Amino acid sequence: MWNLNQLISGGDEEQQDNLLGDTEGLCSLSPLQRIYGFAACLLAGLVLMFLSLIVFAKPIKFALLFTFGNMLAVGSTAFLIGPEQQMRMMLDPVRIFATAIYIGCVVLALICALWIHSKILTLIAIICEICALVWYSLSYIPFARRVVSDMTIRLFDTEI
């Protein structure tokens, strides 16, 4: 429920500081509403990603649908843990580089699709975005990136 009436009416200073500093006070959702918001965002993201496969032959439309679906799916967790906590986790020293590369690839894919209109560059940017998303997702699983790195070195080791 929005507590703007208390903010406008000029309650005591301590209450205003708490209201502005606490995101729960501005918009508090019940746990069930949070789950519904998460499910709706995740489902919308997955639907957009699925629809992007239908227009795979048109890389620009594919990039737009896939990228927006991807962002909705990643952003859906903000309903569960809150946007502030999600930003804190994304900017955690363990995954700051993975987050920056993922966001950079998302921006690059949108630039290639919307401004450059290059199908080849858009497909390359989408492939980079998928790889960045996988690497970003692995940062939430303990030791997963290390295991994948070790496997990659073992599989592609060219020493004879």
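Start with helix H9, residues 119-138. Helices here are DSSP runs of H or I with at least four residues, numbered from the N terminus. H9 has 20 residues, which at 1.5 Å a residue should span 28 Å. The expected span is 1.5 Å times one less than the number of residues. The end C-alpha atoms of H9 are 29 Å apart, which agrees.

Before moving on, note that this is a predicted model: local features need pLDDT of at least 70, side-chain atom pairs count only at pLDDT 80 or more, and totals for chains, interfaces and linings use all residues. Residues are numbered from 1 along each chain as its sequence is written, and side-chain values use heavy atoms, with hydrogens and water left out.

**The buried side of H9**

Select Thr122, Ala125, Ile126, Glu129, Ala132, Leu133, Tyr136 and Leu138. These residues of H9 are buried. Buried means under 20% relative accessible area, exposed means over 50%, and partly exposed is in between (1.4 Å probe, protein chains only). Now show what covers them. The cover includes helix H5 (59-75), helix H7 (83-90), H8 and H10.

**The tyrosines**

Select Tyr102 and Tyr136. What kind of aromatic pair do Tyr102 and Tyr136 form? The pair is stacked, at 5.8 Å centre to centre with 15 degrees between the planes. Rings of Phe, Tyr and Trp (its six-membered ring) pair if their centres lie within 6.5 Å; planes under 30 degrees apart count as stacked, over 60 as edge-to-face and the rest as tilted. Tyr102 lies in helix H8 (residues 96-116) and Tyr136 in H9, so the pair ties together parts that are 34 residues apart in sequence. Both tyrosines are buried; Tyr136 has 5% relative accessibility.

Tyr140 is partly exposed, at 32%. Next, show Arg95. Arg95 lies over the face of Tyr140, 3.8 Å from the ring centre. A charge sits over a ring if NZ of Lys or CZ of Arg is within 6 Å of the ring centre and within 35 degrees of the ring normal.

Go to Phe56, Phe62 and Phe66. Ring pairs link these three into a cluster. The model's count comes to four aromatic pairs.

**Ala113 in H8**

Select Ala113, found in helix H8. Is Ala113 buried or exposed? At 0% relative accessibility, Ala113 counts as buried. Leaving out residues up to four places away in sequence, Ala113 touches Ile60, Ala63, Leu64 and Thr122. Contact means heavy atoms within 4.5 Å. Ile126 is 13 residues from Ala113 in sequence and 9.8 Å away in space, C-alpha to C-alpha.

**The cysteines**

How many disulfides are there? The count is zero. A disulfide is counted as a pair of cysteine sulfur atoms within 2.5 Å. Select Cys128: the nearest cysteine sulfur, that of Cys105, is 5.2 Å away. Cys128 is partly exposed, at 34% relative accessible area. Cys41 is buried, at 17%.

**Two loop residues**

Finish in the loops. His117 sits in the loop between H8 and H9. It has a positive phi of about 60 degrees although it is not a glycine. His117 is exposed, at 51% relative accessible area.

Then pick Phe143, in the loop between H9 and helix H10 (144-155). Phe143 also is not a glycine, and its phi is positive, near 65 degrees. Phe143 is exposed, with a relative accessible area of 69%.
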